Amino acid sequence: MERRDYEVGGDLPWNEVVYSLAKDIEGLVKPLFGTPEGGRNIGTNVSGDVTKYVDKVAEETAIERLKPLGINIVSEEVGLIDQGSEYTAVIDPIDGSYNFAVGIPIFAFSFALFRTEKPVYSALYEFTTGRYYEAIPGEGAYLNGSPIHVSPSEPKRAAVSFYTRGAGTGLIGRVKRVRVLGAIAVELAYLARGAIQAVVDARNYVRPTDIAAGVLLVREAGGIVTDERGKELRVHLSAEENMNVVAAADEALLKIILEELGGR
Ligand code: IPD
Ligand code: CA
């Protein structure tokens with residue numbers, strides 16, 4: 001794979017660090033894909049959700065590798081590891097754990113690095129396709145080293161990933177295709193590379209760990225990310241905060257989504 005070579009903030013080559021970590025996690029979790037062992041529930045995480053065995057294996061590897069770097073870590077299962085650093089990595093070691101457990105090949109490692117509250121680098125590794133997405137604030141978004149961009153379409157021709165428990169269902173009749181792939185970080189990356197035109201989760205359920213990397217990817221690919229009222233979405237350094245997310249390829253589709261959610 002062609003790799004980019006750039007400064008991403010701090011004194012570490014984060015692109016190398018994160019890519020090699022993702023590959024190591026891949027090697028460890030691969031034999032567990034679609035197995036009862038991988039999907040075994042082993043407890044609950046900081047926000048009260050089930051932790052599966054695969055989540056634990058992936059997270060332990062990530063923490064083992066990132067902790068010696070001295071940065072703070074916010075990870076989906078354990079929450080905050082505060083090492084007093086100005087840098088914080090917000091990670092989801094496996095986004096799409098349920099998919100993983102039942103053998104649906106849509107899941108990823110998601111990593112976003114912040115300096116205080118400002119994003120400096122994000123990356124997402126889609127294990128089964130080997131796609132490595134990266135975003136650098138002000139520089140752009142990349143897939144395996146090549147620039148990617150959102151791909152707006154007329155709203156009635158759009159494909160939208162839409163998670164709801166009833167809010168805004170009128171949206172279904174206003175777009176062409178609705179997708180719910182079970183790994184929102186991957187779905188945000190798909191929006192960033194133009195495969196779909198929006199990602200909406202209106203359940204007040206996603207956490208910063210699920211979306212931190214994807215939000216930067218979408219923004220750097222030219223998309224817009226707001227809350228359910230159309231206000232610019234702020235991603236906090238937390239594994240517990242519940243939020244809604246509306247990410248769209250352009251203003252026209254965003255307007256329709258917000259109308260249906262009652263926010264505009
Ligand atoms: C979940 C997935 C899912 C989304 C949930 C997330 P997990 O992450 O991204 O698509 O609907 O909100 O929690 O638990 O598989 O890491
Ligand atoms: Ca997860």
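Where is the place of Asp 55? Select Asp 55: its place is in helix H3. Helices (H or I, at least four residues) and strands (E, at least two) are DSSP runs, numbered from the N terminus.

Before moving on, some ground rules. This is a predicted model, in which local features need pLDDT of at least 70 and side-chain atom pairs count only at pLDDT 80 or more, while totals for chains, interfaces and linings use all residues. Residues are numbered from 1 along each chain as its sequence is written, chains are lettered from A and ligands numbered from 1 in the order in which they are written, and side-chain values use heavy atoms, with hydrogens and water left out.

**Stop 1**

Buried means under 20% relative accessible area, exposed over 50%, and partly exposed in between (1.4 Å probe, protein chains only). Show its neighbours: Asp 55 touches Val 50, Glu 77, Ile 94 and Ser 97, leaving aside residues up to four places away in sequence. Contact means heavy atoms within 4.5 Å. Draw a distance to Asn 99: the two C-alpha atoms are separated by 12 Å, and the residues are 44 apart along the chain.

Now select all of H3, residues 53-66. Its 14 residues should span 20 Å at 1.5 Å a residue, and the end C-alpha atoms are 20 Å apart, which agrees. The expected span is 1.5 Å times one less than the number of residues. Colour the buried residues of H3: Val 54, Asp 55, Val 57, Ala 58, Glu 59, Thr 61, Ala 62, Ile 63 and Leu 66.

**Stop 2: the calcium ion**

Select ligand 2, a calcium ion. Its protein donors are Glu 76 (OE), Asp 92 (OD), Asp 92 (OD) and Ile 94 (O), at 2.1 to 2.9 Å. Donors are N, O and S atoms within 2.8 Å of the metal (3.2 Å for Na, K and Ca); water is not among the atoms, so sites may look incomplete. Along the chain, the donor spacing reads E-x15-D-x1-I. Glu 76 sits in the loop between strand E3 (72-75) and strand E4 (79-81), and Ile 94 in strand E5 (residues 87-95). The pair is 18 residues apart and links distant parts of the chain. Is Glu 76 buried or exposed? Glu 76 is buried, and so is Ile 94.

**Stop 3: Val 46**

Go to Val 46, in the loop between strand E1 (41-44) and strand E2 (50-52). Val 46 is partly exposed, at 34% relative accessible area. Among the residues it touches are Glu 76, Glu 77, Ala 239 and Glu 240. Glu 240 is 194 residues from Val 46 in sequence, yet 6.7 Å from it in space, C-alpha to C-alpha.

**Stop 4: helix H1**

Select helix H1, residues 14-29. Its 16 residues should span 22 Å at 1.5 Å a residue; the end C-alpha atoms are 22 Å apart, which agrees. The buried residues of H1 include Trp 14, Val 18, Leu 21, Ile 25 and Val 29. Show what surrounds them: the buried residues of H1 pack against H3, E5, helix H4 (97-102), E6, E7 and strand E8 (131-136).

**Stop 5: two positive phi values**

Most residues other than glycine have a negative phi. Select Thr 116, in the loop between strand E6 (108-115) and strand E7 (118-126). Its phi is near 45°, a positive value. Next, pick Asn 144, in the loop between strand E9 (140-143) and strand E10 (146-148). The phi of Asn 144 is also near 45°. Asn 144 is partly exposed, with a relative accessible area of 24%.

**Stop 6: the H5 and H6 pair**

Select helix H5 (residues 184-192) and helix H6 (residues 208-220). They pack at about 0°, with axes 8 Å apart. Axes are lines fitted to C-alpha atoms, for helices over the stretch in contact, and angles run from 0 to 180 degrees between N-to-C directions. H5 and H6 are therefore roughly parallel; angles under 35 degrees count as roughly parallel, over 145 as roughly antiparallel, 65 to 115 as roughly perpendicular and the rest as oblique. In H6, pick Gly 214, which is buried at 0% relative accessible area.

**Stop 7: helix H7**

Finish at helix H7 (residues 251-261), where Leu 253, Leu 254, Ile 256, Ile 257, Leu 258 and Leu 261 are buried. The buried residues of H7 pack against E11, strand E13 (198-206), strand E14 (224-226) and strand E15 (243-248). Gly 262 follows H7, with a positive phi near 80°.
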